Amino acid sequence: MDYLDLVKLYASLEKTSKRLEKTVLVGEFLQSHKGGCHIIYLIEGKVFPDWDSRKMGVASRLLLKALSVSTGESIAKIEMRWKKLGDIGEVAEELTKKKTQSTLFSQSLTVDKVQKNLEKLAELEGQGTVDRKVKIIAELLSSASPLEAKYLVRTVIGDMRTGLGEGVMRDAIVWAYLSKEIQVSYDKEKNALVFGTDRKDYAQAVDEVEEAYNLTNDFAKIAELLEKKGRKGLSSIELTPGKPIKVMLYPKAETIEEALKTVGSPAACEYKFDGFRLQIHKNADKVWMFTRRLEEVSKQFPELIALVKKNIKVSSCIIDSEAVGFSVKTGKYLPFQNISQRIKRKYDIEELAKKLPVELNMFDLMYLDGKTLIKESFEKRRKKLLKVVVNKPLIRVIDQLVTDDAKKIDDFYKESLKSGNEGLMIKNIEGMYKPGKRVGYGVKLKPVMETLDVVIVGGEWGEGKRAHWISSFRIAVRNANGDLVEIGRVATGLKEKPEEGFSFAEMTELLKPLIVKETGKEVVVNPSVVIEVAYEEIQKSPTYSSGYALRFPRFLALRADRGVEDSSDLDLVEELYNKQRGRS
Ligand code: ATP
């Protein structure tokens, strides 16, 4: 297929903000291009599925160099235009237009060629990698038309601007492969779906595709299954060690009574540790570790890999756990922010592991010896987990209190808080493991006002002694379409001196390479940094695009374990806002 066909789809997606129209555009595109499910990654603006640890690894400097080589323009000039236009894609389009006016021939690009070359970027390593990457990208750009250059560059930098979130892709798959079966069509004028049969059939199909996605994190794989086996193919999905699944999430309960009402009685209670989620996979001699956002962190935790190899003897398994840091001096648990740097660390890993040790607290088992267990009850899964893991220092199954006595739960809750934990998890003993869902199979109970995990989308350079730092940050949450909507500005909570905690200087270093536009002191950044913020109150506000504003927001921690897709959503903000009003 010509790359231009795909590029035309990107352009149409960018032109409309209507979610349904986007769904149908992608759905129809897929219908007319069956047999090549791989193209789904490119439509999503990716080259690999999220579970794949291969990454293109193209920083903005490298891309600037490639653009300079392909267009003959100086890096400084390209950078200047980028800051002015705020979109490197548009810069690439502009420069390619200029260049093609002076050249006569341009080779046409195929999707296959783009895909293969972008894949190559991830395979390069060792000396000369940067130069070779520049060469590959420049070569593609040299054969690209202006519009192709625009989206090629955006793909490479990971900023498509097509507004295509996971929800739209999921619905587009239903559209492409199941719309005939469930008789659904689109009324463009009314911007509405029209159902030939019961609309519940459609909702059911959407649920099935979503469930399949939570297990595979791979829409191309789902499309392939639908193409080859039809709808029944979706129910045959088995987990595979080495491929992370979305973790099950837990809504919040306000009281023990409410918790018991949600999860049923008796309930299984566990400490809620303040660490980070680690999904552990094992197959024969190989062990992998993934964060909640499916990022592989096996290299960052060599001591945990060794612990698992030594103490878990089954041939294959997938385990859910919370890794918690503790102090070398006192042995006491440390809050997550003290050890968060271990997740992203690329160098001196062994040294850091000694300085900031962590303990593995396991609480669920989703797969064992070739069998997927997510549909089994929690009680059964835990029984198996207890056989798989023999408690040793630093690796253990979380203790549980199973009871229907609210008083006993309350004592357990207080005990947990006293030992420095965040609160309690109260779980349904019959519940299955629902990947990716905040279902009522378990709830969390914690005393403090819920914090929000927000995305930094911009900021402002400081003045005086703060002149070299971005010293206030524009923050956003996700709306139902997956788009980011602003909810305030944070300027407190970060430290001026690095020895006191996470500093303005460190945040500035993180954000600098992400800057896509600068106007005066204001910067716009590519959204990727997630931070946890506390606040006094949530208010309705016309100032920000979310319709809400946080009163006195304060930075608490960098959430290195979260991506934009794991940040808080507008539903949560609305829920917290309503609860707050209910109280007053
Ligand atoms: P929070 O910010 O409150 O930690 P979250 O958004 O990370 O919440 P939730 O599913 O809402 O995720 O809350 C449960 C989180 O608590 C899990 O993601 C996990 O990291 C952590 N946790 C600590 N102890 C446990 C436990 N015993 N069982 C399950 N999760 C636990």
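Two residues are in contact here when they have heavy atoms within 4.5 Å of each other. Keep in mind that you are looking at a predicted model, where local features need pLDDT of at least 70, side-chain atom pairs count only at pLDDT 80 or more, and totals for chains, interfaces and linings use all residues. Residues are numbered from 1 along each chain as its sequence is written, and side-chain values use heavy atoms, with hydrogens and water left out.

Helices (H or I, at least four residues) and strands (E, at least two) are DSSP runs, numbered from the N terminus. Leaving out residues up to four places away in sequence, Phe473 touches Ile456, Gly458, Gly459, Gly488, Arg489, Val490, Leu494, Phe504, Met507 and Leu511. Is Phe473 buried or exposed? Phe473 counts as buried because its relative accessibility is 0%; the cut-offs are under 20% relative accessible area for buried, over 50% for exposed, and partly exposed in between (1.4 Å probe, protein chains only). Glu460 is 13 residues away along the chain, and its C-alpha is 6.6 Å from that of Phe473.

Now for a contrast in setting. Lys332 is in the loop between strand E6 (316–325) and helix H15 (336–339), and it counts as exposed because its relative accessibility is 60%. Setting aside neighbours within four places in sequence, Lys332 is in contact with Gly325, Phe326 and Ser327. From Lys332 to Leu352 you go 20 residues in sequence and 18 Å in space, C-alpha to C-alpha. Asn311, in helix H14 (residues 302–311), counts as buried because its relative accessibility is 10%. Beyond residues up to four places away in sequence, Asn311 touches Val388, Lys392 and Ile395.

Next, follow helix H12 (residues 219–229), where Phe219, Ala220, Ile222, Ala223, Leu225 and Leu226 are buried. An α-helix has 3.6 residues a turn, so residues three or four places apart point the same way. The buried residues of H12 pack against helix H3 (39–43), helix H10 (166–178) and helix H11 (199–216). At the start of H12, a side-chain oxygen of Asp218 comes within 3.2 Å of the backbone nitrogen of Ala220. After H12 comes Gly230, with a positive phi near 75°.

Finally, step back to the domains. The assignment, whose bounds come from an automatic or database source, gives domain 1 (46–157), domain 2 (255–445) and domain 3 (452–582). The C-alpha centres of domain 1 and domain 3 are 30 Å apart, and seven residues of domain 1 are in contact with five of domain 3. Together these two domains bury about 480 Å², 45% of it on carbon and sulfur atoms; buried area is the accessible area (1.4 Å probe) that two parts lose on being put together, summed over both. On the domain 1 side, Trp82, Lys83 and Gly86 lose the most area to domain 3, together 71% of what that side buries.

What links the side chains of Glu518 and Lys83? They meet in a salt bridge at 3.4 Å, N to O, the term meaning a side-chain nitrogen of Lys or Arg within 4 Å of a carboxyl oxygen of Asp or Glu. The count between domain 1 and domain 3 is one such bridge. Helix H5 (residues 75–85) gives the most to the side of domain 1 that touches domain 3, with three residues.

How values were computed:
A polar contact is a pair of N or O atoms within 3.5 Å; within protein, one must be able to donate a hydrogen and the other to accept it, and residues adjacent in sequence count only if both atoms are side-chain atoms.
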